[in-house]
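Good morning, and thank you for joining this meeting.

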Amino acid sequence: MGAPIDHPVIRIHPADNVVITRRQLVGGTPLPAEGIAAAGLIPPGHKVAARAIAAGAPVRRYNQIIGIARQDIAPGQHVHSHNLAFSEFERDYAVGQDTRPTDYVAEPATFDGIVRADGRVATRNYIGVLTSVNCSATVARAIADYFRRDIRPQALAGFPNVDGVVALTHGAGCATDSEGDPLKVLRRTLGGYARHPNFAALLVVGLGCETNQIAGLMEQEGLQESTRLHTFNIQGTGGTRGAVGRGIELVQQMLPEANRARRQPVPAGHLLVGLQCGGSDGYSGISANPALGAAVDLLVRHGGSAILSETPEIYGGEHLLTRRAVSEAVAQKLLARLRWWEDYCARNNAQMDNNPSAGNKAGGLTTILEKSLGAIAKSGTTNLVDVYEYAESVTARGLVFMDTPGYDPVSATGQVAGGANLICFTTGRGSAYGCAPAPSLKLSTNTELWQRQADDIDINCGEVVDGLSSVQTMGERIFRLMLDTASGRRSKSEIHGYGQSEFVPWQLGAVM
C-alpha cells in the first residue's frame, strides 16, 4: 500500500468543471492542482467549481452532465443544491457501441457451495417460513423463533449444517385486485423465494380467507407440496396455537434432511450477485461503486452473473447501459422500463428527479443525474446481456438489469426472488442491512464511516479515496470476499441477525 494522498480534492475526468473534496475545506485552502483556492467552507465529498460556470451552463462530473448552474458560479465555490439544478438533456443511446467480447479465464475460481438435487448451488442452508398475507405474520415469526439459537440453542443442537429457521413476513396479501398485477408480482416474489436454492425446505403459512390464497400462489408459480414444501392456513389448523404447533412439528420433520447438506468446491459461475447501494455519498462513484464494478468484471470473467437494479437511480445515466447492451432488443427493454417509471411517477404526482435523499445530499450528491452516474459504476464494464422485470427468475449469464424501485429492501427482495445468492451493498452514510436467505456484504465508500461503523461494514473501500489502494486492487479484494462469503464465512449483517425484517416485496397499486 502506498502513502495517503495529501491532495485536498479529487479530479475524476479532465473535462469536468467540478472536483470532489477529500476532506472539509475552509475558505482560502489552496487547491494547487486546479490553480484555485476554496471560497468558503466546503464539506468532505462535496463539489468545488474548478473553473467559472455561467448560469444555465451544464455542470459536468465523470465527463457527464449532472445538471445546470442556477446562477454564475466562481472558481473555488461550493457547488450543491443552492446553485445546481436538475435538467433534462438529450442522451446518445448508441446501442451496443461499447460492447466487447468477454475475456473468460481459463480456470475459473471456486467456492464451497451446497449443490441441490436439481443442480442449483446454494450459499446458505436455511429452512424458511413464508406468509401468504400479513395476517399470518405473527404465527410465522413464532414458528421461526422456536428455533432461534440465541433463545433455544437445543432446538437446532443436532443440526449443525442448518444455518437457521427464518420467517419472511410482509404487509400485503389482501385488499387488492384478485386478478391484477399487484397480486401477480407478490406471488412471483414469494415463488422466487420458495424456489431459492438457499432454502433446503420451507413452509407457507396463510390465514385462510385472504385474497392471496395459497392455492392461487402455488398454481401461478408452478409449486407443489412435497417433503420440502408444506402449506397450511391458521383457520384450518385450530387457530394460532394450533398453527404454531403445526409449523414447529413440520420444521422438526424437515430438519434431518436439511442437515444432510454438505459444502463442496463449485465454479464461481454459480454465483449470482445482487448489486445495491444505499445511503450513497459523494464518494460512492469514486470508491466503493467502481471497486464493486471491478469485482463484477472479475465475476463475469469467471463465469458468474450480477444483477444491477434500482431503475429510478439509473435515470439520466441509462445511455451508459444501452451502449453496453448486446442487442437493440435488450436496450429497448431497459428504455421501456424507464418509460414505465416516468408514467408511474406522473400518475402518482411524483417526479423522477425527486432524489437524492436528505442523507445523500448531506454526503455531497445534488441531483439524480449525479447519483445515477455513480450508481451505474457498480455494474463494471462488461456487456448488458438481458433485462428482467421485478422478481423474475434470472437465467442469463453475465451482467443483467432487473427493474426495481430505488428503495433498497424492496430492490434486494426482488433480486433474491430472481435467484441472487449473494448481495453486495455499498454505502457512504452507513446503511444497516441484511437479506436472508442470501448473505449481504457491506462496502463503505469512505474511511470515516469504516472507523465509525465497523460493526456493520465488511470491507473499507475508502482506501481508494485515501490513496492506499486502487479501484482494481480493491475490486480483487471484493471478489475474493464474495467467494469466501459464498463458502460460508458470515457477513457482519448475518452476525447481527439482519435479514428477516428486510423482506419487503414491491407493493404496487391501490390497497382497497
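Let me begin with the largest pocket: domain 2 (117-264) and domain 3 (272-496) both contribute residues to its lining, so the largest pocket lies between these two domains. The domain bounds come from an automatic or database domain assignment.

Before I go further, a word on the source. This is a predicted model, in which local features need pLDDT of at least 70 and side-chain atom pairs count only at pLDDT 80 or more, while totals for chains, interfaces and linings use all residues. Residues are numbered from 1 along each chain as its sequence is written, and side-chain values use heavy atoms, with hydrogens and water left out.

How much space lies in the largest pocket? The figure is about 730 Å³. Of the 34 residues lining the largest pocket, Tyr 126, Asp 163, Val 166, Glu 494 and Gly 497 are the closest to its centre. Helix H1 (137-145), strand S13 (164-168) and helix H14 (492-496) are the elements that give two or more residues to this lining. By type, the lining of the largest pocket has 15 nonpolar, eight polar and 11 charged residues.

These terms need their definitions. On a 1 Å grid over the protein atoms alone, a pocket is an open set of points where a 1.4 Å probe fits, with protein on both sides within 12 Å along at least five of seven lines; lining residues have an atom within 4 Å of a point. Grid points are joined across faces, edges and corners, and a volume is the space filled by probe spheres set on the points. Helices (H or I, at least four residues) and strands (E, at least two) are DSSP runs, numbered from the N terminus. Ala, Val, Leu, Ile, Met, Phe, Trp, Tyr, Cys and Pro count as nonpolar, Asp, Glu, Lys and Arg as charged, and the others, Gly among them, as polar.

I turn to the second largest pocket, which holds about 530 Å³ of space. Its lining has 24 residues, and Leu 320, Arg 324, Ile 376, Ala 377 and Gly 380 lie nearest its centre. Helix H5 (288-301) is one of the elements that give two or more residues to this lining, and H5 gives the most, with four. Domain 1 (9-85) and domain 3 (272-496) both supply residues here, so the second largest pocket lies between them.

Next, a single residue. Gln 500 lies in the segment after helix H14. Is Gln 500 buried or exposed? Its relative accessibility is 19%, so Gln 500 counts as buried; buried means under 20% relative accessible area, exposed over 50%, and partly exposed in between (1.4 Å probe, protein chains only). Leaving aside residues up to four places away in sequence, Gln 500 touches residues including Arg 141, Val 166 and Ala 436, where contact means heavy atoms within 4.5 Å.

Finally, the salt bridges. The structure holds 21 of them, each being a side-chain nitrogen of Lys or Arg within 4 Å of a carboxyl oxygen of Asp or Glu. Arg 148 and Asp 150 form one, at 2.6 Å from N to O; Asp 150 is exposed, at 59%. Another joins Glu 249 to Arg 246, and both residues lie in helix H4 (residues 239-259), three residues apart, about one turn of the helix. Lys 47, Arg 61 and Glu 370 are linked in a network of salt bridges.
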